[in-house]
Amino acid sequence: MSETYVTERLTILHLARLPIVLTNGNEGRDKRWYSSAKVRTQIEYMLRLGGHVRAKPFAEPIVLRITRVLARGQRMWDSDSIGRGSAKELVDSLVACGWFRDDSAAYITETRFGQFVPTERHKMGTTIVEVLRVEQIQGAR
């Protein structure tokens with residue numbers, strides 16, 4: 001009896017380490033847009049300052065992987081907390097800086113989140129953003 005399996009092949013199209021510290025949204029969100037708009041503007045400013053602007057958006061649907069790199073004194077968050085804070089503002093800023101036409105599923109099919117504790121922690125945390133091509137591979141054993 002054969003088993004069918006599905007796996008994936010990931011190809012990194014772009015990798016950027018950004019001087020951006022993600023927040024997890026524990027301070028709560030209310031119905032005002034000002035706070036999130038302000039955070040998005042600040043993140044976009046940092047991206048532009050660091051030269052993370054693309055002249056042409058990625059031409060194919062991609063998977064976005066956002067990894068929080070912990071600084072000294074920071075602790076790991078619950079896995080479901082990573083995407084609920086300022087990660088949305090980061091993605092919106094990437095759109096504003098020309099990485100994608102927009103953040104709809106037609107361009108970003110999935111966003112994955114992770115955390116990383118480096119062996120040598122720095123004073124300020126960072127964020128790694130990877131743009132990935134994903135190919136589904138099916139087989140039988």
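Biologist: Hi! Where is Arg 141 found?
Modeller: Arg 141 is in the segment after strand E4, which covers 126–140. Keep in mind that this is a predicted model.

Biologist: Is Arg 141 buried or exposed?
Modeller: Arg 141 counts as exposed because its relative accessible area is 67%, and the cut-off for exposed is over 50%.

Biologist: And what separates the C-alpha atoms of Arg 141 and Glu 3?
Modeller: Those C-alpha atoms are 5.2 Å apart, although Arg 141 and Glu 3 are 138 residues apart along the chain.

Biologist: Okay, new topic. Which residues have the most contacts inside the largest nonpolar core?
Modeller: They are Leu 64, Leu 90, Leu 94, Trp 99 and Phe 100, in a core of 21 residues. Two or more residues of this core come from each of strand E1 (4–18), helix H1 (34–49), strand E2 (62–69), helix H2 (87–96) and E4.

Biologist: What does Leu 90 touch?
Modeller: Leaving aside residues up to four places away in sequence, Leu 90 touches Leu 18, Ile 20, Leu 22, Ile 43, Ile 66, Thr 127 and Val 129.

Biologist: Zooming out, what pattern does the chain follow?
Modeller: Along the sequence the pattern is β-α-β-α-β-β, with 2 helices and 4 strands.

Biologist: How many positive and negative side chains are there?
Modeller: There are 22 positive and 16 negative ones, and the centres of the two sets lie 5 Å apart.

Biologist: Last one: what is the accessible surface of the chain?
Modeller: About 9100 Å², with 51% of that belonging to carbon and sulfur atoms. Buried residues make up 35% of the 141 residues.

Note on methods:
Residues are numbered from 1 along each chain as its sequence is written. This is a predicted model: local features need pLDDT of at least 70, side-chain atom pairs count only at pLDDT 80 or more; totals for chains, interfaces and linings use all residues. Side-chain values use heavy atoms; hydrogens and water are left out. Buried means under 20% relative accessible area, exposed over 50%, partly exposed in between (1.4 Å probe, protein chains only). A nonpolar core is a set of buried Ala, Val, Leu, Ile, Met, Phe, Trp, Tyr and Cys residues joined through side-chain atoms within 4.5 Å. Contact means heavy atoms within 4.5 Å. Accessible areas come from the Shrake-Rupley method with a 1.4 Å probe; for residues, only the protein chains shown count as cover. Lys and Arg count as positive and Asp and Glu as negative; His and the chain ends are not counted. The place of a charge is taken as NZ of Lys, CZ of Arg, CG of Asp or CD of Glu.
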